[in-house]
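Subject: Handover of the two-chain model

Dear colleague,

Please find the structure below, followed by notes on what turned up in it. I would be glad if you read the notes with the coordinates open beside them.

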Amino acid sequence: MFRNQYDTDVTTWSPTGRLFQVEYAMEAVKQGSAAIGLRSRSHVVLACVNKAQSELSSHQRKIFKVDDHIGVAIAGLTADGRVLSRYMRSESINHSFTYESPLPVGRLVVHLADKAQVCTQRSWKRPYGVGLLVGGLDESGAHLYYNCPSGNYFEYQAFAIGSRSQAAKTYLERRFESFGDSSREDLIKDAILAVRETLQGETLKSSLCTVAILGVDEPFHFLDQEAIQKVIDTFEKVPEEEEGEGEAGEGEAEAAEAAPAERGGGVAGDQDVAPMEM
Amino acid sequence: MTKQHANWSPYDNNGGTCVAIAGSDYCVIAADTRMSTGYSILSRDYSKIHKLADRAVLSSSGFQADVKALQKVLKSRHLIYQHQHNKQMSCPAMAQLLSNTLYFKRFFPYYAFNVLGGLDEEGKGCVFTYDAVGSYERVGYGAQGSGSTLIMPFLDNQLKSPSPLLLPKQDSNTPLSEAEAVDLVKTVFASATERDIYTGDKLEIMILKADGIKTELMDLRKD
């Protein structure tokens, strides 16, 4: 029944230096339906796949507004994600109450990661089973972070989490170098195309995905269904069109940024390994 | 050792007057922009009116620091409300929240005298007046602050609200048109400025209607 004798307790180490319960929590992120985030210098787009539990039910909300300048997309246990986004909202409100200035995204992400870390070191707790893509805009520009149940967090240019996210990651890896200068429209289009990659054959409809955007002079908001459908129509009718555009990407500067930020300590050296696979 | 600060108070009175009038489909909220302490004027251009929601505007006089703190609390609470309900707070809901917020500090009150104006769920104008600890009432018109003792009897004379004890409940909204209400507000402030040293400099008038908010400014005596 159990994988081994070291995985019944969160705080028990395996002789190989692993915490299995934490790894299982990161597995939960992989089981959840996909969430995608990407950014330019001025905008961040979050997108996700709407998966209903059954034919009869509605799907669960997977993208949340934290504040006008911060949004979050989740994959994994949505219930945990809701709790964490409520925490992020209150952090943001408390910050603007005390300092009358918007909360820097990097700071919020550290608080969030510390909260997740505590759960990996207490016998009476369990790690959060959710991965969060935190997108935000602050004085230093647009940012996209990935927070995982282990308490690790990384900054990205573009990233995808959840089931079949590898396909979306491949798509984003092929294109991310041009994202820095992308217009918001191109960013939205790339987000939706990345979502399509995770569907594997299923035809993309606006009802199947949620897209949200924030950026300079654009507070966080969801795109309405018609706007998403309009973007889908531009490439669903002429499928060969996007292939030509794929080669357009250039610019070395963003390549460095795309690698996980230094703070991720543990993974220094193998930057190509996604945090979930470590 | 003798007591050194027996007369120290945590409060100051920065003066100012607030007036609001509710009409059938509009609400006029007005306040002067003078901030004073004692015989000194601290600012001739400090707004006492704060937009809390699309359909709720708060005008407060009293102690500026407490007013500012109160406005910040309400702003944060309104943000939380929007996250939880996906809509703006209505004016009657904001009125109850303001009352609770004031009563929460029943034994160390906010030194703030408030008039809350806005539109209710039916789109009718509404005005709520408060005391410092949160007791409040929905009225057709109201005045608070240093000039209220001069303004309130004049408004009573001009507008005559129905007794709140009448059954069934009478509609307290004024029969004035929007232009008449704005004119009346300008008149009462011009008069109050003559006799109240804490009222003057400029009058800020906000007119709330279903299609949005208009702001008007009028000069008052500067002496």
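In chain A, helix α5 (residues 184-199) lies across β1 (35-39), β2 (43-49), β9 and β10, and its direction makes an angle of about 25° with β2(A). Contact here means heavy atoms within 4.5 Å, while axes are lines fitted to C-alpha atoms, for helices over the stretch in contact, with angles that run from 0 to 180 degrees between N-to-C directions. Helices (H or I, at least four residues) and strands (E, at least two) are DSSP runs, numbered from the N terminus.

Before going further, please note that this is a predicted model, in which local features need pLDDT of at least 70 and side-chain atom pairs count only at pLDDT 80 or more, whereas totals for chains, interfaces and linings use all residues. Residues are numbered from 1 along each chain as its sequence is written, chains are lettered from A and ligands numbered from 1 in the order in which they are written, and side-chain values use heavy atoms, with hydrogens and water left out.

The sheet of chain A

The strands of this sheet follow the order β8-β1-β2-β9-β10 in chain A, five strands in an open, antiparallel arrangement, where two strands pair if DSSP finds at least two bridges between them. At its edges are β8 (158-161) and β10 (218-222) of chain A, each of which pairs on one side only, and the twist from one strand to the next averages 10°. Strand β9 (residues 209-215) of chain A is joined to β10(A) by three bridges, and the two run antiparallel; within this pairing A212(A) stands opposite F222(A), and I213(A) opposite H221(A). In a regular strand the side chains alternate between the two faces of the sheet.

The hairpin of β9(A) and β10(A) has two residues between the strands. D217(A), in the loop between these strands, has a phi near 60°, which is a positive value in a residue other than glycine. Most residues other than glycine have a negative phi, and most peptide bonds are trans.

The sheet of chain B

Chain B also holds an open sheet of five strands with antiparallel pairing, in the order β5-β6-β7-β8-β9. Because β5 (49-53) and β9 (136-139) of chain B are edge strands with a single partner strand each, one side of each is left without a neighbour in the sheet. The average twist from one strand to the next is 25° in this sheet.

Four bridges connect β5(B) with β6(B) in antiparallel fashion, I49(B) faces S59(B) across this pairing, and the two strands form a hairpin with two residues between them. Five bridges link strand β7 (residues 112-119) of chain B to strand β8 (residues 125-130) of chain B, again antiparallel, with L119(B) opposite G125(B). Helix α2 (residues 91-104) of chain B lies across β5, β6 (56-62), β7, β8 and β9 of that chain, running at about 5° to β8(B).

One peptide bond deserves a look: the one from L167(B) to P168(B) is cis, with omega near -5°, and P168(B) is found in the loop between α3 (148-159) and α4 (178-195) of chain B.

Where the chains meet

Chain A contributes six residues to the contact and chain B seven residues. Between them the chains bury about 720 Å², 60% of it on carbon and sulfur atoms; buried area is the accessible area (1.4 Å probe) that two parts lose on being put together, summed over both. On the side of chain A, I93(A), F97(A) and E100(A) lose the most area to chain B, together 67% of what that side buries.

Two salt bridges are counted between chain A and chain B, a salt bridge being a side-chain nitrogen of Lys or Arg within 4 Å of a carboxyl oxygen of Asp or Glu. The side chains of K68(B) and E100(A) meet in a salt bridge at 3.8 Å, N to O. β3 (63-67) and α2 (78-99) of chain A each supply at least two residues of the side of chain A that touches chain B, and α2(A) gives the most, with three residues.

Salt bridges overall

Over all chains, a search of the whole structure finds 23 salt bridges. Among them, E27(A) and K30(A) meet through their side chains at 3.7 Å, N to O; these residues are about one helical turn apart, because they lie three residues from each other in helix α1 (residues 20-31) of chain A.

With best wishes
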